[in-house]
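Please open the model in your viewer and keep the selection tool at hand. The tour goes from one selection to the next, and at each stop you will read what is there.

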Amino acid sequence: MKALRYVAVGQAPEVVEIPIPTPGPGQVLLKVTAGGVCHSDDYVMSLPEKDYLEQGYPLPMTLGHEGAGIVHEMGEGVDSTLKVGDAVAVYGPWGCGRCHNCSEGKENYCTNAAAEGIRPPGLGSQGSMAEYMIVDDARHLVPLGDLDPVKNVSLTDAGLTPYHAIKRSLPKLGAGTVAVVIGTGGLGHVGIQILKALSGATVIALDVSDEKLKLATHVGADHVVISDADAAATIRALTNGLGADAVFDFVGAQPTIALATSVAAIEGDVTIVGIGGGSLDYGFGSIAYDVAVRIPYWGSRSELIEVLDLARAGKIDVEVVEYSLDDGPNAYADLAASTIRGRAVIVP
């Protein structure tokens with residue numbers, strides 16, 4: 001089969017031929033229908049060799065932690081209602097299945113994963129950028145039903161991650177409140193739609209790209225602002241000087257984190273979702289009183305089901321650019337160049 005793999009540190013991923021894997025006990029083999037391209041992949045491939053190996057990433061590694069497919073074969077002992085031929089989405093943050101958090105479906109916060117070497121597909125385990133992939137356990141598969149896998153595969157991360165981040169702040173986002181979204185690309189444009197579907201907040205969206213701000217307007221942002229030196233003052237003006245009740249930073253770079261904390265209102269939330277390498281100096285007087293700062297990771301299995309239900313209801317829609325598997329390396333080049341509007345999806 002063909003697979004898009006990271007084969008050497010510092011080099012672009014390559015399409016190679018490898019054997020179709022065989023599912024072991026408890027595992028499920030999917031015939032992949034779509035795999036999403038994410039900045040997390042780009043982040044991993046940008047690591048120096050020492051950091052890459054110390055963090056336990058294998059070489060070669062099939063990319064892709066957003067996956068959808070058709071159940072093709074099940075290993076011995078799979079205890080599930082799944083059947084061969086079922087259309088499914090892959091829940092990516094795999095955990096042990098035994099700890100307290102996993103028992104609640106919060107495998108994104110598994111307390112045993114690191115010690116047991118359990119890694120997400122495409123971020124340590126072999127991923128979805130291939131014609132077939134192994135899923136370690138049937139519990140990590142969620143029915144996709146009649147949802148288009150190409151249009152919706154990115155919801156497994158680009159939908160689930162903002163949904164989890166936003167859900168924690170919903171008590172602060174009733175009528176008359178303001179939410180700020182920084183970065184309106186793959187995750188941010190979905191986050192805007194989630195905010196409009198679930199909250200009463202006015203949404204202010206920021207980006208450095210006019211094209212991405214057009215997308216933000218298209219998906220429901222009430223105001224769009226160029227993210228420049230005047231952005232904080234513009235947000236203050238739009239909020240009558242009070243600031244935003246919740247700020248979601250889908251970039252996570254030093255300038256965006258500084259912007260996020262500077263516009264948060266008293267008792268507001270600042271949620272840093274992006275992995276842009278920034279950090280926060282946080283002390284008395286550096287931020288409004290009683291602001292909560294959070295750094296969430298992915299989301300729970302039940303939240304993925306809820307995200308897919310929002311898609312079925314027509315509440316969220318991912319802007320997608322399709323690439324063939326053979327053209328996969330170009331998808332990552334375009335991602336690095338920030339020329340993708342929405343989310344890139346590779347279709348085997």
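Predicted model: local features only at pLDDT ≥ 70, side-chain atom pairs only at ≥ 80, totals over all residues.

Residues are numbered from 1 along each chain as its sequence is written, and side-chain values use heavy atoms, with hydrogens and water left out.

**The two domains.** Select residues 2–157 together with 299–346 and colour them as domain 1, then select 160–294 and colour them as domain 2; these bounds come from an automatic or database domain assignment. The C-alpha centres of the two domains are 27 Å apart, and the contact between them (heavy atoms within 4.5 Å) takes 25 residues from domain 1 and 21 residues from domain 2.

**The interface.** Together the domains bury about 1900 Å², of which 58% is on carbon and sulfur atoms; buried area is the accessible area, found with a 1.4 Å probe, that two parts lose on being put together, summed over both.

**Salt bridges.** Two salt bridges are counted between the domains, where the term stands for a side-chain nitrogen of Lys or Arg within 4 Å of a carboxyl oxygen of Asp or Glu. Show the side chains of Glu 306 and Lys 167, which meet in a salt bridge at 2.9 Å, N to O.

Select α1 (39–45) and α11 (301–312), each of which supplies at least two residues of the side of domain 1 that touches domain 2; helices are DSSP runs of H or I with at least four residues, and strands are runs of E with at least two, numbered from the N terminus. With five residues, α11 gives the most to that side.

**A stop at Ser 40.** Which helix holds Ser 40? Ser 40 lies in α1, and, leaving out residues up to four places away in sequence, Ser 40 touches His 65, Leu 123 and Ile 275. Select Pro 21 as well and draw a line from C-alpha to C-alpha: Ser 40 and Pro 21 are 19 residues apart in sequence and 25 Å apart in space.

**A wider selection.** Finally, select residues 10–346, over which the chain is 27% helix and 23% strand, with the end C-alpha atoms 22 Å apart.
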